[in-house]
Amino acid sequence: MDFIPHDKKVIKEILNTIGVESIDALFSDIPNEIKIDKLEIDDGLFESDLYNEMHKLSLKNGLYSSSFLGAGCYYHYIPSSVESILSRSEFYTSYTPYQAEASQGNLQAIYEYQTLITRLTEMDISNASMYDGSTALAEAALISTVITRNNRILILEGLHPEYLEVLKTYCWAQDIELEFCTEEEIANKINDDYASLIFQNPNFFGEIEDTGKLINQARNKTSKPLIIECMTDPTCLGILKPPGAYDIDIFVAEGQSFGIPPSFGGPGLGIYTTKKKYLRKTPGRLVGKTKELYGDKIGYILTLQTREQHIRREKAISNICTNEALMALASLIYLVSLGSKGLKKVAYNNIQKSNYVKRKIDKLNNFSVLNQKPTYNEFLIKSPNIDRFLDLCEQDNLLAPLKISIYYPEMENTALVCITEENSIEDIQLFLENAQKCV
Amino acid sequence: MDYNIPKNLKYSPSHEWILIENEEGIIGITDYAQDQLGDIVYVEFPEVGEEFSNGESIAEIESVKAVEEFNIPVSGKIIEINDEINENPELVNESPYEKGWLARIKLANLSELENLLSSENYISQINKELED
Amino acid sequence: MKKVRENRNLIFTKAFESAEDNYIPDLDIPSSNLDDIIPKNLLRDNLPIPDVPEVEIVRHYTDLSQINYGVDSGIYPLGSCTMKYNPKINEKIVKLPGFSIIHPLQKKNEGAILLMEELSQLLHKITGMDAFTFSPAAGAHGELTGMFILKKFFEQNGNQKNKIIVPDSAHGTNPASAKMAGFSIIELNSNEHGEIPLEELEFAMQEGDVAGIMLTNPNTLGLFDRNILKITEIVHKYDGLCYYDGANLNPMLGICRPGDMGFDILHLNLHKTFSTPHGGGGPGSGPVGIKEGLIQFLPEPYFIGNEKIDKEKINISHSIGKMKSFWGNFGILVRAYAYIRALGKNGLSRVGKVSVLNANYLRKRLQEFYHLPYQRICQHEFVLSDKNFPNKITAEDIAKRILDYGIYAPTVYFPLIVDGALMIEPTETESKEALDYFAETMIRIYQETQNKPEFVHKAPHNTPVGRLDAVLAARKPVLKE
C-alpha cells in the first residue's frame, strides 16, 4: 500500500510538463555520497494482514474487567456521542485553522470549549489546549517567573511525581529553583522572592486540599507570587468548588478524564486557564469571536497571535504550536453530553464509591488508610500483605492499584487505590473480598 | 508623499516623535510608522516611574501579524502613559500625533534633543526608505 | 462543505432545563451523607454547564463538521504542513481495546513496549539515528527536548556554549524552543540561493560560544541545501552539534537520511511525515532521535533503535529528566507504526519521490503566472510571492479566493524571507486531477486579479462566512461567551 494514485503513464506526463527525464533528476541537489539505494526495512503489507498483525500485537497488552488504577490516568465512562463526532473526518483530518473561513466548524467548537472550561473552572480565560497536564503545569511555572521576574518556585508536597519530573526538566534549563514544603510550612517559607506557589488538588494521594486556607496562608505573607493549582482528574469539579471561586492565578489540569480513552497515557489534554490580567502572558492558541469584514455575520478566528512563536519567534511566551485540538473537542462533547446533571453524578459516584471502599478497607485487620484529609476518588492503603493483595486482584482480572514505591521507594507496602463510577458493585465486592483474604 | 509630518516636532530615525514642553516631552510614533505597521491592535506600555536611556525599547506595538518595538527617542523617566490606547488602540492609527500619543516623559538630558531630526530631515529619510 | 451563510448558534443555546442525563446510573452502593465526607465549604454552589439532549448535540457538531475542511474534503496544499491522506485503517487499529484502553502504569504492557521498540528500529533505518524518545507531544516539544539534550551535553562537558544558530528561513518554533532551553539566538541570513552562507556560518562558529545549529533540510523554501555536508562539518569542527528539524522530512524518505547528512539530533513530526491525522491542530507526536554518543542525555522513557548497540552498557545518568507524563502520545505512535508497516520500503521511497514530483509539477505550471523568487528545482514544496500583482492584491487575497473554489489555501506569509509568500506543498497523495484543479484555480485567480481585483480583494464569497475581521478580534478580544 502506498496511497499514491499515479500510474506510470501519469508520472510520464508530469515529468514531461516539468521538463525532466526522470524523477531521480529532481534530486540532483542532493550530494551523491548521502543518497541511499533503498530503505532496509520490510516490504509493505496489505490492509488485512496489517490489521491482523496489529490485532495480535494489541492482545499482548493486558485487558481487565475493571480497573482500580488511576494515578494520573483514569477510567471514566465515555458517551458514544464523543467517538461518533470525533470520527467526522472534517474535524480529525483538518489542520490548525489558519484559514478561518474554511475552518468555522473547528473554530466554533474550540470557542465553545474555551467557554465551557471557563464555566467549569470559573476562571476568566481558557486557551485552546496544551499537550497534557504535566506540560501545562511546566509552562505555567515558567510564565510565573516571567510575570514576577522571580526565579524561585515553592511546591506543596503531593504533586504527581511525573509532573514534578517534567517541571524539574523545564526549570533546570532556565535556572529556576524549586523548593518544597508542607501545608504548615507555606507561611514560613513564602515571600516576595518567589514566582509562584504550586499545589495539586486533589493531590497525588487523592486528598482534597482546603484551597481557601492554603491561599490565605500565602497571601497573608505576600501578594507577589502567583498561585498555581493543578489537577489530574477534573471530574471532581462536578462537585468541588472551582479554582475561580478562590484567588487562583493559573489553573491547569489533565483533561483525559473528559471523554478521552487512556491510550497508554496519551494523547491527553492540557487544560490551561488564567486570569484576565494575564491574557497577554497566556501560552498557546486562542480563538476569538469576530464579525465579517464586509458583512454582519459572526465568525471565529485564531487571535492574539502576536504572543506566539510564528510571529514573535524567540520572544514568544512559549514555543507551543501543535496542541491537542481534537482532544479538546472530545472533552467539549463529553461535557455537553453529560451536562451539569451527568457531571455532578459522575463526581458524586466517584466520591461515594471510593469512600465506601476506603471505609471498608480501613476496618480490615492489617490494612490501614493513610489519608488524613477528605479524598475524592483515590486513597492510600498500607498493609504488610499488599503484594499478595495486588496479585490476587490481577488473578481476578482486576487492574490492581498502583504500588507507590515505584515513585516513592521509601513508602513500602503502600498502594494508591482508584475507584470511579465505572467500578460496579460486583467489581468492588471482588476487590474487597481479595483484601479480606489478606488480613 | 502623503504623510503628515508636523514641523513643530522632533523625530528619531526609528520613527518616533517628541513634542517638548519645558523639561517634559510627549512621545509617540509617526504617521509613516503607523501606516507601515497597519492596524494597531495593542500597545504594551512600560510602568510609570521607569527610567530609560535614549534608544531603549520601552513599549511594544502590535498589529495583527507583527510586533514592533517602540524606542524612547531621548533618555528620561515615564511620568504618564496614554490609558486611552488600552481601550482604543486604533487611536494610534487615526491620530498618531494627538489622541494617539503614547507617553509623557521627564527628560534626563535636554542636550540629547540636538541629535534628533527636524521634520525636513525626517521627510528626506522616509523618502529614501520608500525609494528602497 | 455546507455553504449556507447563516449565524450559527452556540451549543449553549440548545440546553433544556429538563434534559436528563442518559449515561451515568444512580449509585449502586450504600451512600453516606456528602457533608460527612467533604466539608461543605469545599463544595461548589452551581455548575453552569448546559444540559443538551443527545440528538441536538449530534446535529450541532455534524453541522459544524460540515463547515470545516479536512484532507478528506480535498487537496490541502499547506506548505510545511505535509497534509497527506490519512489511511482509514490506522483509525481502526488505534481503536483496538488492546491499544486504546490500556493504562500507562499497567504491568502487562508487552504489546505497547514491543510496538515502541519496533518503531524505534524502523525510524533508525529511515533516519540514521540510533535511539529515540517518544515523549514529545509535538514538533515544537521535540525541538525543546533536543535543545535540552544539547544544553545538558555541554553542561556535562563543562562547556559554556550558550548560543544557537537559526537561519532566517526557520520555523518560528526553532528560535522559541532554543530560547526556552536557555540559549540565545544568532539569526543567520540565507544567501541568494536560499541556502546557509558558509563563510558567515564559520565566522559565527569561530566565536566559540555556539552550541550548534538548528536546520530544516529541505528548508522552508523547499530547497535542499547543497552544502549540507560542509555545514555539518563546519559546526562539528568548532565542537558544535547539528539539530535537524524533521518538519520537512517527507521528500527525503528513501532518498537520503539526516543521520548521513551529519546531524546529531532530530525530531520527527509523525503527524506530518508519517500520516497521522492533525485533528484540527493536534494531537501530534514529535519523537526525538539522537546519535549513539548522546544516549546518556535522553529523557525517559527511551528506545534503542540501532540493534548493534549493546543495551546492557547504556547508562543514562545524565538524562535531562522527563518531558511529559508517561510514554508520550501513544495513540499517535500506533498510527505511525501502522503506516510505516503498510508502506514498507518501496512504498516509503515512492512517498519521497512523488511528493517532489507533485511539487515540481505545480511549480512548473504556476511559475509563468506567479512570481517565483527562487528559480530552481524544488523538493516537496515551493514558495511563490505576491510581488508584481496588480491593484494591490496580496497573498492573503489569493488565499481567500482559493477557498471560494472549494479547496484549501497554501500557507501564507511564511517563510518570512519572502515578502507576501504563498507556500505550496501538495504531498504525494494528490492525483493529477487534484493537482490540475489546484493549478487551474490558481491561474484563474491570477486572471481575476487583472479583471476584477476588487472581487478578489473581498474574497471569499462562497464560504460559510465571508472574510473575517482579524483586527476587531485582536483589538477587542472576545474569548468566551
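**Figure 1. In the contact between chain A and chain C, 165 residues of chain A meet 173 residues of chain C.** Two residues are in contact if their C-beta atoms, placed from the backbone, lie within 7 Å. This is a predicted model, in which local features need pLDDT of at least 70, side-chain atom pairs count only at pLDDT 80 or more, and totals for chains, interfaces and linings use all residues. Residues are numbered from 1 along each chain as its sequence is written, while chains are lettered from A and ligands numbered from 1 in the order in which they are written. On the side of chain A that touches chain C, the most is given by helix H11 (residues 325-362) of chain A, with 22 residues. Helices (H or I, at least four residues) and strands (E, at least two) are DSSP runs, numbered from the N terminus. That side of chain A divides into 80 nonpolar, 52 polar and 33 charged residues. Here Ala, Val, Leu, Ile, Met, Phe, Trp, Tyr, Cys and Pro count as nonpolar, Asp, Glu, Lys and Arg as charged, and the others, Gly among them, as polar. The model scores ipTM 0.98 and pTM 0.97.

**Figure 2. Helix H1 (residues 8-18) of chain A crosses helix H11 (residues 330-366) of chain C at roughly 45 degrees.** The two axes come within 9 Å; axes are lines fitted to C-alpha atoms, for helices over the stretch in contact, and angles run from 0 to 180 degrees between N-to-C directions. H1(A) and H11(C) are therefore oblique to each other, given that angles under 35 degrees count as roughly parallel, over 145 as roughly antiparallel, 65 to 115 as roughly perpendicular and the rest as oblique. The crossing of H1(A) past H11(C) is left-handed; a crossing is left-handed if the near helix is turned anticlockwise from the far one by less than a right angle, and right-handed if clockwise. From H1(A), the residues A:Ile11, A:Ile14, A:Thr17 and A:Ile18 meet C:Leu357, C:Asn360, C:Tyr361, C:Lys364 and C:Arg365 of H11(C). By class, this helix contact has five nonpolar, two polar and two charged residues.

**Figure 3. Domain 2 and domain 3 of chain A have centres 28 Å apart, taken over C-alpha atoms.** Chain A is divided into domain 1 (8-50), domain 2 (66-75 + 339-436) and domain 3 (80-334), with bounds that come from an automatic or database domain assignment. The contact draws 22 residues from domain 2 of chain A and 19 residues from domain 3 of chain A. H11 and strand E12 (378-382) of chain A each supply at least two residues of the domain 2 side. Seven residues, the largest share of that side, come from H11(A). The side of domain 2 of chain A that touches domain 3 of chain A comprises 14 nonpolar, five polar and three charged residues.

**Figure 4. Chain C is divided into domain 1 (11-65), domain 2 (88-339) and domain 3 (351-473).** The centres of domain 2 and domain 3 of chain C, taken over C-alpha atoms, are separated by 30 Å. Their contact takes 17 residues from domain 2 of chain C and 16 residues from domain 3 of chain C. On the domain 2 side there are eight nonpolar, eight polar and one charged residues. Chain C has a mean pLDDT of 95, and 99% of its residues reach 70 or more; pLDDT is the predictor's confidence in each residue, from 0 to 100.

**Figure 5. Helix H6 (residues 139-156) of chain C packs on helix H7 (residues 173-180) of chain C at an angle of about 45 degrees.** The axes of H6(C) and H7(C) lie 8 Å apart. That angle makes H6(C) oblique to H7(C). H6(C) passes H7(C) in a right-handed crossing. C:Gly139, C:Ala140, C:Glu143, C:Leu144 and C:Met147 of H6(C) meet C:Thr173, C:Asn174, C:Ser177, C:Ala178 and C:Met180 of H7(C). This contact divides into five nonpolar, four polar and one charged residues.

Figure 6. Most residues other than glycine have a negative phi, and most peptide bonds are trans.
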